[in-house]
Amino acid sequence: MSNQEVVGQSVEPTETKYFRGDIQGLRALAVILVILAHAQIPHFAGGYIGVDVFFVISGYVITGLLLRQPAGQTFRNLGHFYARRIRRIMPAATLVMIATLLFSFHYLGVYSSLPLLTDVRWASLFSANFHFISVGSDYFAQALPKSLITHYWSLAVEEQFYFVFPLIIFSVGAIAGFRNRRVVLSHLLVAVISVSATCSYFLTSSNPVSAYYHPLTRFWELAVGAFIASLPETLRIANRYVVVFGQWISLAMIFVASIALTETSHVPGVLTWWAVAPAGFLLWTGGTRSLSSPSGWLSVQPFRYIGDISYSLYLFHYAWLNLPVQYVLLKYSQ
């Protein structure tokens, strides 16, 4: 859910040949599930797993982008990467924060909007997740109105991951060599997935609020996508029927998880694998436009269009849904 490579805006010329329509469709599915959950549509309470799907997509696409950078230009590549992140992320994210603040102060009043101002300060530094941990903001709490930018926690987790991950990739390339970096990186990512997923499992039981927002319990989801991107391009499932069957099963698993999970489910923990593993399989085996497979169906309009605007939809939808509710609650409480 971050920049073009993560959420889909216009594709840069040098990356056009790597563009995959099915990834746009998978983004569309993810953002639709999130919106359904936040809109409290019956039977889709578990749609919040769309964020987990986004994490896997993000790890996959950004890692592929980084691995395609030329060798021997570490500092140039890093500068180019971070500059592109800022250009893609900051304008829309800043616009939404400012607009949300203005509408909140206008409709909810100064007193009710002051906490939001604090939230925005943290979100502008990509630290909203740490802020929500410190104040004990339960993502699933129903008793009190949540911050209108609660969803910025996921953007913070992504940027915290990408603050260090490019350094790791280029360091691995410098130490292990350009040709061996995929092998070394894949083994390193397995270790990251193991440690982070284990922390997620234990912390979800002992401290659910911290587990939901903390980067250490979420990095494994991005690392799964990164691991798939680090695999050799020749490593593929040869049997086409196995691929198609596996893709249909993967879509079904995501859909069932969005229905079966609720606000009381122990997430992220082990249950998040019901979104992460299928998303990973779809990314690994996708790329075809044949309508005989889910990958082909995800590549068609309007899925691709929704995927193109998924970042904007994700940023704006939360305030659209919650500001009117908070206005009504405030008005009638007075």
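Begin by selecting helix 3 and helix 8 in this predicted model; the two helices pack at an angle of about 150°, with their axes 12 Å apart. Angles over 145 degrees count as roughly antiparallel, and helix 3 and helix 8 are therefore roughly antiparallel to each other. Viewed as a pair, helix 3 passes helix 8 in a right-handed crossing.

Next, display the side chains at this contact. From helix 3, select T63, L66 and L67, which meet R181, R182 and L185 of helix 8. By class, this contact of helix 3 with helix 8 comprises 3 nonpolar, 1 polar and 2 charged residues.

Now select the whole of helix 8, residues 181–206. Its 26 residues reach 37 Å from the first C-alpha to the last, close to the 38 Å expected at 1.5 Å a residue. Within helix 8, colour R181, L185, S186, L189, I193, S196, A197, S200 and T204, which are buried.

Finally, move to helix 4 (residues 74–107) and helix 5 (residues 110–124), which pack at an angle of about 170° with their axes 9 Å apart. That angle makes helix 4 roughly antiparallel to helix 5. On the helix 4 side, select M97, T100, L101, S104 and F105; on the helix 5 side, select V110, S113, L116, L117, V120, A123 and S124, which together make the contact. The residues of this contact of helix 4 with helix 5 divide into 8 nonpolar and 4 polar, with no charged residues.

Definitions and conventions:
Residues numbered from 1 in each chain as written. Predicted model: local features only at pLDDT ≥ 70, side-chain atom pairs only at ≥ 80, totals over all residues. Heavy atoms only, no water. Axes fitted to C-alpha atoms, helices over the stretch in contact; angles between N-to-C directions. Helix = DSSP H or I, 4+ residues; strand = E, 2+ residues; numbered from the N terminus. Parallel < 35°, antiparallel > 145°, perpendicular 65-115°, else oblique. Contact = heavy atoms within 4.5 Å. Nonpolar A, V, L, I, M, F, W, Y, C, P; charged D, E, K, R; others polar. Expected span 1.5 Å × (residues − 1). Buried < 20%, exposed > 50% of the residue type's maximum accessible area, 1.4 Å probe, protein only. Left-handed = near helix turned anticlockwise from the far one by under 90°.
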